[in-house]
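Please consult the sequence and the model while reading.

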Amino acid sequence: MDHDSTQSTDRRQFLQAGAFASAAVVGAASGTRSQEVAPPAEAAFPRRPLGKTGVEVTMLNQGAIRGPSYDRLLRFAFASGIRMFDTARVYGTEGNLRRWFEQAPEVRKQIFLVTKDTPRTPKDLIEQLDRRLEALGTDFIDLFFIHGLGDDHSLDDAINMVSSQEFKETAETIRKSGKARFVGFSTHHKDRPQILQAAAKAGHVDAIMLQYRPWLDKDAPLNRAIDACWEQGIGLISMKQIAGQFFGDAPQGNILDDVVERVPTLKERNLTPFQGLLHAIWSDERISSVCCSMRNTEQIRENVDAAQRFEPLETADLNRLRDATLAHGPTLCANCDGRCSLAAGTRAALGDLTRFLTYSRNLGDRTEARRQYARLSAEARDWSHADLSAAQAACPEHLDFARLLPEIDRHLT
């Protein structure tokens, strides 16, 4: 669950309270080293192979959040069994992890640590990696990503970067140095199917984190690209899969109740809609882990409970969950491929605009939202002449652009 904590309602009736949750609370609240690193009270946390790396990672990955509570949440997530943690230079959270490692040095070797940076050329990664190690206070990173591949590059440049001999040699140098075990990239670019296909063909990438939601058409370009990466043994991590969901005009509690009514399996399994979305993603065996920016202890408990009780969803249930999700007006299309802008006859980056709006409005991360919005060209921001009805009809998740885009001035400027 990476939804806005301010929108959270009392969903504890869905959760299975017990020794596991209690132990996690005690470990997080006490702040003592012995309790911070204590093993979970129940069975080992569910894991999956990360492609062909030979490593298994927890199916749930604690994403970075800004704010003073993050130090405590890191420890709480660890005490709850999560062993994969995500950060990046631009998040400003590497210092939180550094403090954690200084206070509990034994933690570092027990977790799978991911960070990211934004190189202009592959060789830039070598110097950037040294800076990330210093910021994190560690001598190795488990997975080092190019951050948001495609955001600061043309499509051709992004494809050339992951396909080049320079990238291959740089990645090999990094792995041999022992400073990072694996190398890859993250992407939510509208042309990520082409970028993923290039990575699969080149064979230089260990893992990819991608924006994704689990109801892709079988023949969709992104689904075929995921297949290509899966067949080549590239580890796949999902992100942005829950952001912007269930934020319609009705009160949140009413919306969540309606989703449960529309998807009877949720009621049968005692799952919240957010837990149902996680089960839908994990039903795709190609996805190794789900990165969620869990913003409070309730969200961690809920998502950990979902992982512990995971059972694959049938196709009919996936379709019901998709329909229930779309019925309540999502604010972010995780399967955006740019068709909305094309149909609207505009060069405005409609998918990016609504994503940044979601960061600010629903996730409470106004700093990052404004930073990314400021990087867009004037042309990419100007949706004033776009046919928003046509954009909504073309969007895979039918975002109501006419309702969302007028909020940009208030949230992003």
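Helices (H or I, at least four residues) and strands (E, at least two) are DSSP runs, numbered from the N terminus. On that basis the protein holds 21 helices and ten strands. The model is predicted, so local features need pLDDT of at least 70 and side-chain atom pairs count only at pLDDT 80 or more, while totals for chains, interfaces and linings use all residues. Residues are numbered from 1 along each chain as its sequence is written, and side-chain values use heavy atoms, with hydrogens and water left out.

**Overall burial and contacts**

- Of the 413 residues, 58% count as buried, where buried means under 20% relative accessible area, exposed over 50% and partly exposed in between (1.4 Å probe, protein chains only).
- Contact means heavy atoms within 4.5 Å; among contacts between residues at least 6 apart in sequence, 76% join residues at least 24 apart.

- Strand 5 (residues 112-117) is largely enclosed by the rest of the structure, because six of its six residues are buried.
- In a regular strand the side chains alternate between the two faces of the sheet.
- On one side of strand 5 lie Phe-112, Val-114 and Lys-116, on the other Leu-113, Thr-115 and Asp-117, and all are buried.
- Two strands pair if DSSP finds at least two bridges between them; strand 4 (residues 84-86) runs parallel to strand 5 and is joined to it by three bridges, with Asp-86 opposite Val-114.
- Four bridges link strand 5 to strand 6 (residues 141-146) in the parallel sense, and Thr-115 stands opposite Phe-144 in strand 6.
- A crossover is right-handed if, with the strands pointing away from the viewer, the path from the first strand over the helix to the second runs clockwise.
- Strand 4, helix 4 (residues 94-103) and strand 5 form a right-handed β-α-β unit, and strand 5, helix 5 and strand 6 form a right-handed β-α-β unit as well.

**Helix 5 against helix 7**

- The axes of helix 5 (residues 124-136) and helix 7 (residues 165-177) come within 9 Å and cross at roughly 30 degrees; axes are lines fitted to C-alpha atoms, for helices over the stretch in contact, and angles run from 0 to 180 degrees between N-to-C directions.
- Helix 5 and helix 7 are therefore roughly parallel to each other, as angles under 35 degrees count as roughly parallel, over 145 as roughly antiparallel, 65 to 115 as roughly perpendicular and the rest as oblique.
- Leu-125, Ile-126 and Leu-129 of helix 5 meet Phe-167, Thr-170, Thr-173 and Ile-174 of helix 7.

- Strand 8 (residues 207-211) is mostly covered, with five of its five residues buried.
- Ala-207, Met-209 and Gln-211 point one way from strand 8, Ile-208 and Leu-210 the other way.
- Strand 7 (residues 180-187) runs parallel to strand 8 and is joined to it by four bridges; Ser-186 stands opposite Met-209.
- Strand 8 and strand 9 (residues 235-239) are parallel and joined by five bridges, and Gln-211 has Met-239 as its bridge partner in strand 9.
- From strand 8 the chain crosses through helix 9 (residues 221-231) to strand 9 in a right-handed β-α-β crossover.

**Loop residues with positive phi**

- Asn-270, a residue other than glycine, has a positive phi near 60 degrees and sits in the loop between helix 11 (264-269) and helix 12 (273-282).
- His-398 has a positive phi near 50 degrees and lies in the loop between helix 19 (388-394) and helix 20 (401-404).
- Asn-270 counts as partly exposed because its relative accessibility is 29%, and His-398 counts as partly exposed at 43%.
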